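Open the model in your viewer and keep the selection tool at hand. The stops below are given in the order in which to select them.

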Amino acid sequence: MYYGLKNFCRQALLTAAMLLLLTGCASLMGLDGDPSKRAEAPDYRVGDRWEYRVEEGYRLPLVWDETWEIVRIDAEGVAVRITRKGENIDDMRTELWPQPGLVSQGALMNVETRQFNAPYQRYRFPMKAGDSWSQRLDTPEAKQRQGQQPSFVTRAWGWEKIKTAVGEVDALRLNQVITFDDEDPWRWATHGSYEIWYAPAVNNIVYAKKRASYFERGDRYPTEERSAQSEIIELRSYTRGQP
């Protein structure tokens, strides 16, 4: 019981610390907090293509290549085909963006494609240091199963130089805390902490670290922490579509 209580307290402290970080000041992190520097809404083109290398896991991580490509732009928005290829991984899904920063169909913590009753605010353009936004999502399946109404809090810390395979870029660091409503009699809710670097030069993220976990239930307290996600995403190439 002492072990479970200790883990429960540690999780509570980590959650509290993250919330304090999200309300902190970007300048304390040594980032460029110039409020006049903004990430404007991108001008997408059919054929825009981003290739990422993704690692999932700790000791023996799964590794795959993930490609995002805009295949259609019309009155409904932007359709993005996302493919994954690696050892024992070969799949494809589609995201729909009604406008830059909004997702009406897409994935959250994992590759499960979800429909959102109101679009998910992935980014809020124009973005600048100090911006923050929060949202509780809702899906058509919310009444049928758990985990369909997660909550987000996102904060833009500030700008920094990031070295990537496509050169050094200015990237706005975003921190996001996610809480899923997937608590059940055997486990507590899943909590995630994401660090994301968005670069206007490529109209997308260039690097991300995504961590999520949950605690199993004990007789009175949470007992053992389980990893739900441990992912690193790194941009490998960016190709601009034809105007």
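This is a predicted model: local features need pLDDT of at least 70, side-chain atom pairs count only at pLDDT 80 or more; totals for chains, interfaces and linings use all residues.

Numbering runs from 1 along each chain as its sequence is written, and side-chain values use heavy atoms, with hydrogens and water left out.

Stop 1: Select Trp-68, Arg-93, Leu-108, Lys-210 and Ile-233, which are the closest to the centre of the largest pocket among the 39 residues that line it. The space in this pocket is about 630 Å³. A pocket here is an open set of points on a 1 Å grid over the protein atoms alone, where a 1.4 Å probe fits, with protein on both sides within 12 Å along at least five of seven lines; lining residues have an atom within 4 Å of a point. The volume is the space filled by probe spheres set on the points, which are joined across faces, edges and corners. Colouring the lining by class gives 24 nonpolar, seven polar and eight charged residues, with Gly counted as polar.

**Stop 2: salt bridges.** The structure holds 21 of them, each a side-chain nitrogen of Lys or Arg within 4 Å of a carboxyl oxygen of Asp or Glu.

- Select Arg-173 and Glu-195, whose side chains meet in a salt bridge at 2.6 Å, N to O. The pair links distant parts of the chain, with Arg-173 in strand β11 (residues 167-179) and Glu-195 in strand β12 (residues 191-199), 22 residues apart. Strands are DSSP runs of E, at least two residues long, numbered from the N terminus. Arg-173 is buried, at 11% relative accessible area; buried means under 20%, exposed over 50% and partly exposed in between, with a 1.4 Å probe and protein chains only.
- Select Asp-131 and Lys-128, which pair at 2.9 Å, N to O. Asp-131 is buried at 9%, whereas Lys-128 is partly exposed at 22%.

**Stop 3: Thr-154.** Select this residue in strand β10 (residues 151-164). Is Thr-154 buried or exposed? Thr-154 is buried, with a relative accessible area of 2%. Its side chain makes a polar contact with the side chain of Gln-176 at 3.1 Å. A polar contact is a pair of N or O atoms within 3.5 Å; within protein, one must be able to donate a hydrogen and the other to accept it, and residues adjacent in sequence count only if both atoms are side-chain atoms. Leaving aside neighbours within four places in sequence, Thr-154 is in contact (heavy atoms within 4.5 Å) with residues including Asp-131 and Gln-176.

Note on methods: Helices (H or I, at least four residues) and strands (E, at least two) are DSSP runs, numbered from the N terminus.
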